[in-house]
Amino acid sequence: MQKHIQNLNKPVRNISIILIVVAVAALIIVPRLLSEKKKTQNPITQDSSIPIDVFIIKPVQLENEVNTVGTIIANEEVDIKSELPRKIVGIYFREGSYIPKGKVLFKLDDSDLLAQLRKLQLDEELNLKQYNRESQLIERGLMNQEEHDIRQTTIEKIRADIDLLNITLDKTEIIAPFSGIAGFRNVSMGSLVSTQNILTTIQDIGRVKIDFSIPEKYMSSFKKGQEIKFKVEGYDDEFSGTVLTFDPKIDEGTRSIILRAVASNNGNRLLPGSFVKVKLEMSDITGAVMVPSEAIIPQLKGQSVFVYQNGLAASHDVEIGIRTEKDVQITSGVSPGDTVITTNILRLRPDSKVKIVNVN
């Protein structure tokens, strides 16, 4: 009997445990459901607008200048090479010294050429004597005119060989083609040089050229003789030059055109190969539309800005022009009087609700 009672108590105990678990769950879940329902029935109104700062566009007078970089090159530069494969027997300059035009820099061995020249001169002298004797014989009718003409032709050939040899002898003296500063000497006395060896270099840096590039959109804005300003590392001075010419071909990769300016180089302070920062001043632009650079949004094809319109952000595609340190010129896409958004750009989407906090 007792055993039967125990068997009856097991289901009752299990049911009690289940009821307790359900009660506890109800105590936890029901208040939450009621709370959510209350929130749904009594929502709290929140402002979902994105706070922004804006800039109202006003037309301004823009100082139009192009800032770019360039390289200094020598006014004239040449690698000195020998036209003959010969041994050097004389060196007549110092490295880094000023070399006047026409100065002999190197002397090549010409001993064999002088010997050939002496032989040709003796042949010429001998044939001339023979020619004079034959002329007397022809006057007496004792010699054929044809043989006399052959003698004259022989003399002309010898003289042509002498002229050719003198040209070769001239090449044994390597001279400076223009005045300038000599570079390092790459050979020594007794060196056997070929026509490929660079013996030294000469650079005319009494004045220098400055090569720099500008975007193709400025192609019609510069002119020959226009002044440029440039600075070189190592000097606080600002140097000036004038536009000399330009390369008529536009670089397809950078869409830019290369200009060449020329500048005087008093004291030889400007050295070829130096990096320069160039400023090219153009005509000022009246009524330019400028916006802060932080308002510009790069796109896959071009740029855009967000404009404030009746509490919403509207996206406008724009074309840009000149950049200054803080601002960017807009050439199309917005107009004076438009209100451009300058903050929280990354959070904005077309037609996003916005609220103005600051106006610039």
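Q: Where is Asp-351 found?
A: Asp-351 is in the loop between strand S19 (339–341) and strand S20 (352–359). Keep in mind that this is a predicted model.

Q: Why is Asp-351 called exposed?
A: Its relative accessible area is 58%.

Q: What makes the phi of Asp-351 worth a look?
A: Phi is near 70° there, a positive value in a residue other than glycine. Most residues other than glycine have a negative phi.

Q: Which loop holds Asn-310, and what is its phi?
A: Asn-310 lies in the loop between strand S16 (302–309) and strand S17 (312–323). Its phi is positive, about 55°, although Asn-310 is not a glycine.

Q: How do you know whether Asn-310 is buried or exposed?
A: Look at its relative accessible area, which is 79%. Exposed means over 50%, so Asn-310 counts as exposed.

Q: How many aromatic pairs does a search of the whole structure find?
A: The search finds 4 aromatic pairs.

Q: Why is the pair of Phe-222 and Phe-246 called edge-to-face?
A: The ring centres are 5.5 Å apart and the planes stand at 80°. A pair needs centres within 6.5 Å, and planes over 60 degrees apart count as edge-to-face.

Q: Why is the pair of Phe-230 and Phe-239 called stacked?
A: Their ring centres are 5.6 Å apart and their planes are at 20°. Planes under 30 degrees apart count as stacked, so this pair is stacked. Both Phe-230 and Phe-239 are buried, and together with Tyr-235 they form one aromatic cluster.

Q: What sits over the ring of Tyr-235?
A: The charged end of Arg-269 sits there, 5.0 Å from the ring centre.

Q: Which residues touch the most other members of the largest nonpolar core?
A: Among them are Phe-230, Ile-210 and Leu-280, in a core of 28 residues. Strand S9 gives this core its largest share, 5 residues. Phe-230 has contacts with Ile-210, Phe-239 and Val-278, among others.

Q: Which residues belong to the second, separate core?
A: This core has 16 residues, including Ile-80, Ala-176, Phe-178 and Ala-182.

Q: How do you know that Asp-53 has no salt bridge?
A: Asp-53 is in strand S1 (residues 50–56). The nearest side chain of opposite charge, Lys-355, is 11 Å away. A salt bridge needs a distance within 4 Å, so Asp-53 has none, yet Asp-53 is buried. Its contacts include Val-340, Thr-342 and Asn-358.

Q: What does the chain look like as a whole?
A: It has 3 helices and 20 strands. Buried residues make up 31% of its 360 residues.

Key
Residues numbered from 1 in each chain as written. Heavy atoms only, no water. Phe/Tyr/Trp six-rings, centres within 6.5 Å; stacked < 30°, edge-to-face > 60°. Buried < 20%, exposed > 50% of the residue type's maximum accessible area, 1.4 Å probe, protein only. Lys NZ or Arg CZ within 6 Å of the ring centre and 35° of its normal. Core = buried A, V, L, I, M, F, W, Y, C linked by side-chain atoms within 4.5 Å. Helix = DSSP H or I, 4+ residues; strand = E, 2+ residues; numbered from the N terminus. Contact = heavy atoms within 4.5 Å. Lys, Arg positive; Asp, Glu negative; His and termini not counted. Lists of a residue's contacts leave out its neighbours within four places in sequence.
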